[in-house]
Amino acid sequence: MENRIDHIVIGAATLDDGVKALESSLGVTVPSGSKHDAMSTHNCVMQIGNSAFLEVIAIDPDAPPPGRARWFSLDAPETQARLGKGPAALTWVVNTNDLDGLVAASPIDLGEIVEFRRGDRTWRLTVPQDGSLLMGGLVPSFIEWSPGPHPSTAQADLGIQLETIKIQSEDPERLTDLFTGLNILHLAQIEPGEPRLRFGFATPTGDVVFG
């Protein structure tokens, strides 16, 4: 089983809020992405190296209610209150080549596997039915793309590289054991502390940590 970082998720009350926050911290303007009809959300995206991308995501104000809980906890009052104070690192997503096997062997419930389609691209993603984030976003979602080029290849390269995913946990040993079982321990740095997710970047003007 091959697991690698697919993308990181930064939530915002509006896409404009998210883009402005990243302009301030990273010094670049994240280009517009697309809409997710099944979830009534939309995003802005850019490459961050190693076939991975950064996603700024927000509820699409022009879309009808999706008929289910939106992903990444965007419907949760606590998430909306948090994003009302400013964009935030919500979670991260891991690309796997055996999603069914990973979910079946996982020591925790990763949620249901939901299939999405946009144009000629399809992908499957783990999404809890209530739209919640696993351990508040410290544990990633898992994705498996249909055959073909990774979507990051068509996204803008603005010179931003993801260097680290930094995770603080009040029980780092438990999280380490869980990540070992999911075969993702090599993808993040786990430290003791109050729960927190941060992303470390190399930018043209120096290193930046967001979150």
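How much space lies in the largest cavity? About 60 Å³ of space lies there. This report describes a predicted model, in which local features need pLDDT of at least 70, side-chain atom pairs count only at pLDDT 80 or more, and totals for chains, interfaces and linings use all residues. Residues are numbered from 1 along each chain as its sequence is written, and side-chain values use heavy atoms, with hydrogens and water left out.

**The cavity**

A search of the whole structure finds one cavity of 30 Å³ or more. A cavity is a set of points, on a 1 Å grid over the protein atoms alone, where a 1.4 Å probe fits but cannot get out, and lining residues have an atom within 4 Å of a point. Its volume is the space filled by probe spheres set on the points, which are joined across faces, edges and corners. The lining of the largest cavity consists of Trp-71, Phe-72, Thr-126, Val-127, Pro-128, Gly-131, Ser-132, Leu-133, Leu-134 and Ser-141. By class, this lining holds six nonpolar, four polar and no charged residues; here Ala, Val, Leu, Ile, Met, Phe, Trp, Tyr, Cys and Pro count as nonpolar, Asp, Glu, Lys and Arg as charged, and the others, Gly among them, as polar.

**Aromatic pairs**

Rings of Phe, Tyr and Trp (its six-membered ring) pair if their centres lie within 6.5 Å; planes under 30 degrees apart count as stacked, over 60 as edge-to-face and the rest as tilted. The count comes to five aromatic pairs. Two of them involve Trp-71, as tabulated here.

| Pair | Centre to centre | Angle between planes | Class |
|---|---|---|---|
| Trp-71 and Phe-72 | 5.4 Å | 25 degrees | stacked |
| Trp-71 and Phe-116 | 5.0 Å | 40 degrees | tilted |

Helices (H or I, at least four residues) and strands (E, at least two) are DSSP runs, numbered from the N terminus. Trp-71 counts as buried because its relative accessibility is 4%, and Phe-116 is buried at 7%; buried means under 20% relative accessible area, exposed over 50%, and partly exposed in between (1.4 Å probe, protein chains only). Phe-72 is buried as well. Ring pairs join Trp-71, Phe-72, Phe-116, Trp-123 and Trp-145 into a cluster.

**Nonpolar cores**

A nonpolar core is a set of buried Ala, Val, Leu, Ile, Met, Phe, Trp, Tyr and Cys residues joined through side-chain atoms within 4.5 Å. The largest has 43 residues, and those with the most contacts inside it are Leu-54, Trp-92, Ile-165, Phe-199 and Phe-201. Helix H1 (residues 15-26) gives this core its largest share, four residues. Apart from it lies another core, of 20 residues, among them Val-9, Phe-72, Leu-74 and Leu-90.

**Loop residues**

Most residues other than glycine have a negative phi. Met-135, although not a glycine, has a positive phi of about 50 degrees. Met-135 lies in the loop between strand S7 (121-127) and S8 and is partly exposed, with a relative accessible area of 31%. Asn-183 likewise has a positive phi, of about 60 degrees. Asn-183 is placed in the loop between helix H4 (172-181) and strand S10 (189-192), and its relative accessible area of 34% makes it partly exposed.

Key:
On a 1 Å grid over the protein atoms alone, a cavity is a set of points where a 1.4 Å probe fits but cannot get out, and a pocket is an open set with protein on both sides within 12 Å along at least five of seven lines; lining residues have an atom within 4 Å of a point.
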